[in-house]
Structure formats: C-alpha cells, structure tokens
Amino acid sequence: MSGVRGKYVSAGSNGGPLELNNLDFHRLSGLIRAHSGISIAPDKAIILASRLRPLLREKDYSSFEGFVADVLRNPSEELMGHIIDRVATNYTYFFREREHFEYLQHTALPELTARLQRERCTDLRIWSAACSTGAEAYSIRMVLGEFFGERYDEWRAGVLATDISSTALAAAAVAVYSPQAVSKLPATLRARYFEQLDVPDQRFRFREKFRSDVILRRLNLHCAEVPFRQRMHIVFCRNVLMYFDLAGKAFLESRMYDLLEEDGLLVIGLTETLQTEDALFEHVEHGVFRRRRSPTGS
Ligand SMILES: C[S@@+](CC[C@H](N)C(=O)[O-])C[C@H]1O[C@@H](n2cnc3c(N)ncnc32)[C@H](O)[C@@H]1O
C-alpha cells in the first residue's frame with residue numbers, strides 16, 4: 001500500500017475533502033469486513049465513498065480522513081451500525097427466486113411436517129437470516145399460510161427474520177410496500193395478506209394478523225455468538241454470502257451448520273455457492289442444501 005496516501009478513489013476527483021483516499025479506503029473496508037463480514041473490493045471504493053458521504057454530512061465531518069480516524073479510534077456498535085446501514089445492499093422483493101418458495105411449499109414443508117407429526121412435535125422453526133426489508137420473511141409467511149390453511153393455528157410455525165441493518169428492519173416492521181412491489185403477486189395472495197392503504201399513493205401493508213407471526217430482530221451474522229436456544233429446521237440465507245470473502249463465507253456456513261437441526265435445510269441465493277458443501281452440506285436442489293449428519297449425531 002505504499003504511496004497510496006495521495007491517491008483518491010472518487011472519479012474525476014481533485015482530492016477534495018469528501019473524497020476517500022486509498023489508505024482510508026483500506027482502513028475502512030477492513031473495519032467493515034471485520035465487523036460484518038461484508039467484503040468490499042478496491043474497485044468498489046467509489047461506491048463506498050458515495051454511500052457514506054451523506055453520513056459524513058449528517059455527522060458534520062468535513063473530510064473522510066477525520067471520519068475514518070474517529071471510526072478507527074472508536075468503532076462503536078452504534079457508529080458501525082450507521083456505516084453498515086449505508087453500505088449493505090438491501091435489494092429484495094416478494095418471492096424472489098420463486099423456485100425456493102415452490103420447493104418450500106410443495107416439497108420441504110410436506111416432508112418436514114410429516115416427520116414432525118410422527119415425532120408428535122408441532123414446532124416449526126424457519127429463519128430468514130438476512131431479511132432486508134421483509135419481503136423474504138413475509139413471502140415465507142404467505143407460503144406457510146397457503147400450505148397449512150386452516151390448520152395453521154395447530155402449529156407453532158413462526159418465522160424469525162433478522163438482519164444487520166436497522167433501517168431495513170424498521171422498514172420490515174412498518175411493512176408498507178409500493179403498488180409495484182406487490183403487482184406481480186397473484187391477486188388472491190395480495191387480497192389475503194395485504195391491505196391497501198388510502199394514503200399516500202395507495203400503498204399496500206402486510207396485514208397485522210400475519211405480520212405478528214414474523215419476529216424481527218437485529219442480528220449480525222458475523223458476530224461471535226448467536227443467542228438461539230433452539231436449532232432451525234429451515235434457514236433462508238440468500239443473497240448475503242455473495243458479499244462475504246471466502247473466509248467470511250466459510251465462517252457463516254459453519255455457523256449455519258451449527259444452528260440447523262439434523263437434516264435441516266439451508267437455502268442460499270441461486271447465484272451463490274457454498275465453500276463447505278462437501279464437508280457440511282449435501283446438495284438437494286438449486287440453492288437448497290441439507291445439513292449433513294454429524295458423526296456424533298449432534
Ligand atoms: C441483498 S439483501 C438480501 C435480502 C433477501 N435475503 C433476498 O434474498 O432477497 C442482503 C441483506 O444482507 C444483510 N446483511 C449483510 N451483512 C450482514 C450480516 N453480517 N449480518 C446480517 N445481515 C447482513 C444486508 O443488510 C441486506 O439486508
């Protein structure tokens with residue numbers, strides 16, 4: 001990294017105060033990776049700078065140098081939270097990668113509930129591990145509703161939805177979506193699970209009755225420990241591994257292994273791959289993996 005100090009990453013920059021130089025890019029991206037697992041390649045430095053610039057202005061910083069120095073001095077949970085909120089990509093939509101929801105409804109749930117019934121168990125635990133603004137978790141809730149129908153209340157079939165981004169979680173809690181966001185949903189699902197708000201601009205809200213079955217929590221997947229008391233039957237961890245480097249992915253995959261029930265299912269994005277497939281998971285369907293049984297059965 002020699003000689004990087006005077007080089008600035010912003011296109012067309014003349015090294016103005018709100019430009020991010022290479023040294024500060026490396027410091028900041030290192031901190032972001034250590035905190036969240038999100039790995040930012042040097043060619044994305046311009047994007048990083050543009051996403052963080054509003055935060056600097058909000059916090060009255062006149063230069064990235066001052067900001068980065070303060071973050072390095074005190075990378076508090078709160079400040080890192082603000083940074084990750086700006087950096088994380090929250091893109092999502094209802095029934096994204098539809099195959100996974102079809103698999104859930106027509107294969108995973110029939111098999112799993114048959115097994116649980118044999119074991120006289122009615123607890124069904126599904127986790128949307130990087131839920132963003134809620135579309136994934138609410139899509140899962142809709143599938144559960146369609147699968148169980150009137151038998152839904154006979155099961156304790158909740159969805160845990162977590163994300164590192166407080167802003168995304170706040171939007172998930174409000175659960176108000178634009179007409180375009182719900183426009184591709186079948187009319188029956190839209191009518192059953194959403195109410196149309198009068199103002200403003202005719203947006204749609206996921207109904208309270210169904211919203212309350214989705215528990216939203218802030219959770220950093222890259223943190224030292226995850227405070228779960230029970231293992232999950234199915235984890236949707238989609239379109240988040242792609243932001244991690246190889247070590248971060250391997251860490252997250254082994255975490256998922258530990259948090260899944262024996263034979264539990266891990267669902268990842270259709271364009272993602274697992275580092276640890278041979279050791280920890282068995283491929284089932286495109287993007288769907290079954291946790292391998294551990295030799296000790298734990
Ligand atoms: C592209 S969205 C994916 C949303 C949804 N899973 C989907 O497939 O549509 C990626 C999400 O991962 C979250 N994320 C990134 N790093 C995370 C971490 N370390 N812990 C928890 N969530 C994280 C981001 O905040 C963002 O909401």
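## The ligand shell

Among the 24 residues around the ligand, those that come nearest are Ala88, Thr92, Ala130, Ser132 and Ile164; a residue counts as near if its C-beta atom, placed from the backbone, lies within 6 Å of the molecule. This is a predicted model, in which local features need pLDDT of at least 70 and side-chain atom pairs count only at pLDDT 80 or more, while totals for chains, interfaces and linings use all residues. Residues are numbered from 1 along each chain as its sequence is written.

By class, the shell around the ligand holds 9 nonpolar, 11 polar and 4 charged residues. Here Ala, Val, Leu, Ile, Met, Phe, Trp, Tyr, Cys and Pro count as nonpolar, Asp, Glu, Lys and Arg as charged, and the others, Gly among them, as polar. Domain 1 (22-87) and domain 2 (98-291) each supply at least three residues to the shell.

## Two domains

The chain is assigned domain 1 (22-87) and domain 2 (98-291), with bounds taken from an automatic or database domain assignment. The C-alpha centres of the two domains are 29 Å apart. Their contact takes 7 residues from domain 1 and 12 residues from domain 2, where two residues are in contact if their C-beta atoms, placed from the backbone, lie within 7 Å.

On the side of domain 1 that touches domain 2, helix α4 (residues 77-87) gives the most, with 3 residues. Helices (H or I, at least four residues) and strands (E, at least two) are DSSP runs, numbered from the N terminus. This side of domain 1 has 2 nonpolar, 4 polar and 1 charged residues.

## Helices α1 and α4

Two packed helices are described by the angle between their axes and the distance between the axes. The axes of helix α1 (residues 22-36) and α4 come within 11 Å and cross at roughly 100°. Therefore α1 is roughly perpendicular to α4, a term for angles of 65 to 115 degrees. Axes are lines fitted to C-alpha atoms, for helices over the stretch in contact, and angles run from 0 to 180 degrees between N-to-C directions.

From α1, the contact uses Ile32, His35 and Ser36, and from α4 it uses Met80, Ile83, Ile84 and Val87. These residues divide into 5 nonpolar, 2 polar and no charged.

## A sheet of three strands

An open sheet has 3 strands in the order β3-β5-β4, with antiparallel pairing; two strands pair if DSSP finds at least two bridges between them. Because β3 (176-177) and β4 (194-196) stand at the edges with a single partner strand each, one side of each has no neighbour in the sheet.

β4 pairs with strand β5 (residues 204-206) in the antiparallel sense over 3 bridges. Gln196 stands opposite Phe204 in β5.

Notes: Angles under 35 degrees count as roughly parallel, over 145 as roughly antiparallel, 65 to 115 as roughly perpendicular and the rest as oblique.
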